[in-house]
Amino acid sequence: MAERVGFFTDTSICIGCKACEVACKEWNDVPDDGFVFRATSYDNTGALGASTWRHVAFVEQDGRWLMMSDVCKHCTHAACLDVCPTGALFRTEFDTVVVQSDVCNGCGYCVPACPYGVIDRRQDDGRAWKCTLCYDRLRGGMEPACAKACPTKSIQFGPLDELRERAEARVERLHAEGVTEARLYGESPDNGVGGTGAFFLLLDEPETYGLPPDPVVTTRDLPAMWRWAGGAALALAAGVAACFVRTRT
């Protein structure tokens, strides 16, 4: 397997230009998602979805705007992989998670399994879609389209270990400059999904950006549940067998 790669998104230098959204749509041929004017902010895409693989959130606060380009987290422990019955979802040689649209049967199991609410199905064909981290570009030795297009380098692409070191140094610098609210989100391998392949530097609590504060892989308890179910099935079978034996005697 190749070295694990991913995204580090530094929201402190995001200018909300949406170049990442446009580049993602153009390269991956992602269809129009409505461009709804919501009259509440400059956010016309609303959230990640089947036709929005990069979403620039605008959060208006007193005296400042918070902006963040959100994307699939490419979890280390990916629940979407666990529940997919067809193998449409697979982990690539770059340790990213990709949906094969030609294999997806539209069952939708992956949608509620994702703790971040990333995966969605398109209404016209029912299949699931999400960011592929530009898998085709990676195989060709190129960086993802969104990172390539970002004019401020808010979206940084590279080996995950290097990105983590860079992110930690950036947080230390911001703290030294008085931006004490700066913190990393999703970078730790000790979090509920084993760390993510796309993590962020935030300037406020995760909930402010619409991110879950403590995400947990939704299939975490499945092995224990199957063990309990298996034990219950064996106990039931033993009980039925005992009743049958007593009846015969």
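Modeller: Happy to; we start with the model itself and then turn to its cavities and pockets.
This is a predicted model, in which local features need pLDDT of at least 70, side-chain atom pairs count only at pLDDT 80 or more, and totals for chains, interfaces and linings use all residues. Residues are numbered from 1 along each chain as its sequence is written, and side-chain values use heavy atoms, with hydrogens and water left out.

Biologist: What makes up the secondary structure of the chain?
Modeller: There are 7 helices and 10 strands. Both are DSSP runs numbered from the N terminus, a helix (H or I) having at least four residues and a strand (E) at least two.

Biologist: What share of the chain is called buried?
Modeller: Of its 249 residues, 46% count as buried, that is, they have under 20% relative accessible area with a 1.4 Å probe, protein chains only.

Biologist: Why use a probe at all?
Modeller: Because rolling a probe the size of a water molecule over the atoms shows where empty space is left.

Biologist: What makes a space a cavity rather than a pocket?
Modeller: On a 1 Å grid over the protein atoms alone, a cavity is a set of points where a 1.4 Å probe fits but cannot get out, while a pocket is an open set with protein on both sides within 12 Å along at least five of seven lines. The structure holds 5 cavities of 30 Å³ or more. The largest cavity has a volume of about 100 Å³, the volume being the space filled by probe spheres set on grid points that are joined across faces, edges and corners.

Biologist: Which residues are closest to the centre of the largest cavity?
Modeller: Cys72, His74, Cys75, Cys80 and Cys114, out of 14 lining residues; a lining residue has an atom within 4 Å of a point.

Biologist: How many residues of that lining are nonpolar?
Modeller: The largest cavity has 12 nonpolar, 1 polar and 1 charged lining residues.

Biologist: Which elements supply at least two residues each to the lining of the largest pocket?
Modeller: Strand E5 (97-99), strand E7 (128-129) and helix H4 (135-139) do. About 230 Å³ of space lies in this largest pocket, and its lining divides into 6 nonpolar, 4 polar and 2 charged residues.

Note on methods:
Buried < 20%, exposed > 50% of the residue type's maximum accessible area, 1.4 Å probe, protein only. Nonpolar A, V, L, I, M, F, W, Y, C, P; charged D, E, K, R; others polar.
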